[in-house]
Amino acid sequence: MTPWEEFLVQTRRSFLTSTAGGIGLLALASMLREDRLLAEEAYLDRRINPLAPRPGHFPGKAKNCICIYLEGGPSQLDLFDPKPKLNELHGQKLPESLVKNVRFAFIQKDTATIMGSPRKFTKHGQCGMELSDYLPHLATCVDDICLVRSMWTEAFNHHPGQLLMNTGSTQFGRPSMGSWLVYGLGSESRNLPGYVVLTAGRGTSGGTSNWSSGFLPTSYAGVLFRNQGEPVLNLNNPPGLTRGMQEKTIAALRDLNQLHGGVARDPEIQSRIAAYELAFRMQAAAPELLDFSNETKETLEMYGLFRNDDGTSSRGGGRGVYHSFALNCLLARRLVERGVRFVSIFHASWDHHSNLDKELAFNCKMADQPIAALLKDLKRRGLLDSTLVIWLSEFGRTPLGENRPGFTSVSGRDHHPFAFSIWLAGGGIKGGQVIGKTDELGWNVVEDPIHVHDLHATILHLFGFDHTKLTYRFQGRDFRLTDIGGRVITKMLA
Amino acid sequence: MRMLVLSWLWGLGLLLAWASAQSPKEAPSRAREASAIQFERDIQPIFAKHCLSCHGPRKAKGGLRLDHPDLAFKGGNSGPVIVPGDSRKSRLIRVVDGSDPDLKMPEGGKPLSQEEIAKLRAWIDQGAHWPKPAAGPTALRSDHWAYQPIRRPAIPAVKNTAWVRNPIDAFVLARLEQEGIAPSPEADRLTLLRRVSLDLTGLPPTLEEIEAFLRDSSSEAYERAVDRLLNSPHYGERWARHWLDLARYADSDGYEKDLGRPWAWRWRNWVIDALNQDKPFDQFVIEQLAGDLLPNASIEQKVATGFHRNTLTNREGGVDQEQFRVEAVVDRVNTTFAVFFGTTMNCCQCHDHKYDPFTQREFYQIFAFFNNDQEVDIPAPMPGEEEALRPKLAAHERQRQELLQALEKRRQELRQQLGNWEAQLTDAARSKLPANVQAVLQTPPASRTEAQTQVLLDHLAASDATLVALNKKLQAHDRNKPTVTHAQTLRLGQLRKTHVLIRGDFLRPGAEVQPGTPAVLHPFQPKHNPPNRLDLAEWIVDPANPLTPRVTVNWIWQRYFGRGIVPTVNDFGTQGEKPSHPELLDWLASEFIRQGWSLKKLHRLIVTSATYRQSSAYRPELEQRDPYNALLARQNRLRLEAEVIRDNALAVSGLLVRRIGGPSVRPPQPPGISELTYAGSARWVESTGPDRYRRGLYIWFQRTSPYPTLVLFDAPDSNVCCMKRERSNTPLQSLTLLNDVVFVECAQAFGKQWAERPGELRDRLRLAFRTALTREPTASELSRLETLWHEFVAEAERDPKASEVLLGQYRPANVPLPQAVAWVGVARVLLNLDEFITRE
């Protein structure tokens, strides 16, 4: 069993029998009702509950977001942006004019040559979107997808690139997209954090800086649901502490805090009491989230929960990563159903400097089916209209093969920030369309260039925000997700 | 009539200018003959009308000022704009006549008339004669309060003189009396003891300290406690942590692989020592900014420069090293101005400051001070370390010699086996050998040179398991050579030219600049040529500096009241908030300098004031009038910082290891945290023994996966200077205090202490409460705890076997199991109280 499966069995058992770890849900619910622990007005008071829901600048179509972040820079040329010309010119040098002023991470300019793609691209859906044969499942969803082939960024190293894509700046210390949205809108979930992060396989090079709240209060940071041990850090009570003891503890804490509150008269004490109560509710709600007994077998199979990887690659996270990734996609839907505002799914690494065909195949086999299942599942439950799904990475890959010194053969591509692909679906996005074009080599954008700030501006718009007005004052300046740029791409909107 | 003549003249000028453009060689001389342009009459009015509002003494956009010839001919950030004698090469003309595709001037204003443009052209072509004014350029001026000199205000008179303990109180009370608000009564003695202990050392008073304080009935008891705390080595730890926030201290690189910095702590040690010795603040600053440049700099003074080694580093494959070198220098400028000037210089990396009187050019003039630095790690042994190292080095060398001998012995054996090997070589095997080996084998053994034999030996050696193993062992041995502690420092390297970077882009250098300081601030009188970091440091702690003393006393004040006299501690500019008590701020700043920049004296002054000693009880009647308690009619309740919360739990439970200084430690953290980083490069090897129980400021700070408790309780991310921490309140904090292994262990140890104590239950509960919260419990609090204790006993009696686990490794001797469990339950509640994590 993978750690995840072990964990599932264990948490389900504890949930059903209402012992060990958290308090049983029913018991807790009745306890809260009896004690009226958290009054409605307290819940809606931002001073007491920083996640209290509040409206945006105008009504937005999107209510929740699932951001699938595939770290490393998946090759758009082998997935989304067919370039037959590359196959024609395979092995030839690029014109001097294109590469003259370009910096590469690893490519040696003098000897680099164009690399074709062995992928077969075919048209799909009513819209006739072209996708590669590595994405057979996503191909069945194209009419819901807005594919952007004209993204560009100025960062061409991983960590700065990830920071730009996730926080709007290549520098450390800025709040991530999810933090901005939860800061702006609060969360509808009373029992779970407003911003949840799921990871599968090995970590990203950005680590927690990709879901940090930066200079925003910690309440708006992404909360990692872990894939080993407890789902939320410190969720379970210490071993040996019975349910009865925990109830008595809660009651004593509340009484003693209230007693002191009578003397200090500080509203902050009410806020502390509220935080403890939320914590207790989370202790019950988080295990419930992982109890899949009410999911049908068909659903679980649709997500590919029972697949196992063939062990042909260890880069993408090793054994068990197919299962973990599928689980994360299913969990994302369940989190959204429970009102969580922003769910991030991270997977590393798609950084294919060499052995691209095989490694990309391995990763696509992992990700394609669960992602398509997520889109379909959201749709049939009527959640897709209000749930924005985004598929992102920090940049794309070069049309040139990578000839890094020391490589015995050319079998991969280097980082390419000037033109790459991403897609969006649901949440007010107009599906079944392709935005933007690149030149015949896929080197530069020739139509509808979309910068990271533009993407962020559009995402905020979908949630009902004017990106220039969602600001936070820090070190004497009003900061925003889009820094000093960004424009809403109206073509994307339904 | 005059107008007519003038316009006729200008018509002529226009013609002449055109002519000059046609034949540049002769035209200027002719033009001078025909109509000499007079600067004051013809050009100055044009500048005044169109240019000076942006390119004058109040603002110098793009680094350009057209109000004085010295500056005007120097040009802007991208270089000169006037080329005397050649209007076609002058950028000034191109931006006003529309021939520059990127820039049109005046920006957003009415364009110049053809006539005005012609005048400018003619003036330049005639040699751009600009009579030298008697005076130099006027300095950039600002009326903003923060840039005015610090004056020592008179201490105001108050009615309630009995309340005033020192001048701070007179300033605060004068304002309160003005508003008709009475100050709050003094907090009770034990609350006061706890408050000042937490503020000065970050640790709660021990039971013994509480008893001693209660026994001291003299009027000086509190002051005596303050002196004891200021002399405690924990004072240095507490205030070092504040300084670390400003200095963005961390134990790792930041970007991508986020490699560890094994010597970062050495600078932290320096800070702790400097504060404990009460090194005067001016010296404290000079050594950190330029310790290496002091005459005969000591190792410790060099160690101090580690302040600016806390910048981020990117070692990702394929990055442009120059880009990240520039980023580090930019951060040094920004941090210097944030910490000492409360100024957001960041804006000026790309453009002139939008609100404050700082220009992009000035940014790069400061940049120039840091642009020549090299990052070097120098040996910086701790006291006694070298002596202790000597025998270790000797042992290491002995082992090394043994390895070398073994290697040599094996080589000799191979040499003897050479003939045998060659004899047994089949043709097939021979053909598979490397070409150079085959070549040697062509020569008969007897006539081979030593070099040829060596080729064969090398070949054999490469495939000899014994030799390979020995070589590996030797390499590992050399890697593990014992070494003294090192320190990360800055050192002056080769001088680089510094340019304004257009839009902050390191690939777009503009005009060259020299090291210098912003014009709006006090005069800069460097002693070196070119001016260096030491000049900069001395300029910063010049008593004439209007900002550094104010900014410093303000952030220190903030630590005591939760809010600065200037609430925007990091922004003293025009966008920041105004001081609530401007005279108090100036008095404190001047007093700080007068007391020889002594931090301890400043702390003592603040904590012995009546203002500081007030009760923190909330006053609902003032909520509308003074919602942020800016007037200080009471103290503020402050949630403790992340590190201090953990320190307190460890201290109360008796687990805290009070050793001062040393390398960073890795206490237990839940699994899966460091795995979030790239390729697990930040592997968390848990510390063993006492290092698990060290204070929070010693916890290894891994930038891409910081210790979770620190993050949850708002410790800064340590990427940029942090002058003010958030104080959030989240359910994840509750879960941490309830269930995190460290806090559970504290509850177990704390519970064991009281379970083993003899005495009545209520007495023990009372003392446990006092240990955790310093004060006496009220009767209802005590009863509530007693109820809880009995409830836990009952719960534990139901299933003693299961609840035994709750004791962990802290099973008290000779105590019935249910009672032992009940004490853990009580301890856990005490450690989770709002009051426990609050400074009242």
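Is the crossing of α15(B) and α16(B) left-handed or right-handed? Keep that in mind during the tour.

This is a predicted model, where local features need pLDDT of at least 70, side-chain atom pairs count only at pLDDT 80 or more, and totals for chains, interfaces and linings use all residues. Residues are numbered from 1 along each chain as its sequence is written, while chains are lettered from A and ligands numbered from 1 in the order in which they are written.

**Select chain B.** Find 33 helices and 6 strands. These are DSSP runs numbered from the N terminus: helices are H or I with at least four residues, strands are E with at least two. The C-alpha trace spans about 115 × 110 × 50 Å along its principal axes. Of the 840 residues, 46% are buried (20 or more other C-beta atoms within 10 Å of the residue's own, placed from the backbone).

**Select residues 321–341 and 360–370 of chain B.** These are helices α15 and α16, whose axes come within 9 Å and cross at roughly 110°. Axes are lines fitted to C-alpha atoms over the stretch in contact, and angles run from 0 to 180 degrees between N-to-C directions. So α15(B) is roughly perpendicular to α16(B) (65 to 115 degrees). The crossing is right-handed: the near helix is turned clockwise from the far one by less than a right angle.

**Show the side chains there.** From α15(B), pick B:Val329, B:Arg332 and B:Val333; from α16(B), pick B:Phe363, B:Ile366, B:Phe367 and B:Phe370. They make the contact (C-beta atoms, placed from the backbone, within 7 Å).

How values were computed: Buried ≥ 20, exposed ≤ 12 C-beta atoms within 10 Å, placed from the backbone. Parallel < 35°, antiparallel > 145°, perpendicular 65-115°, else oblique. Contact = placed C-beta atoms within 7 Å.
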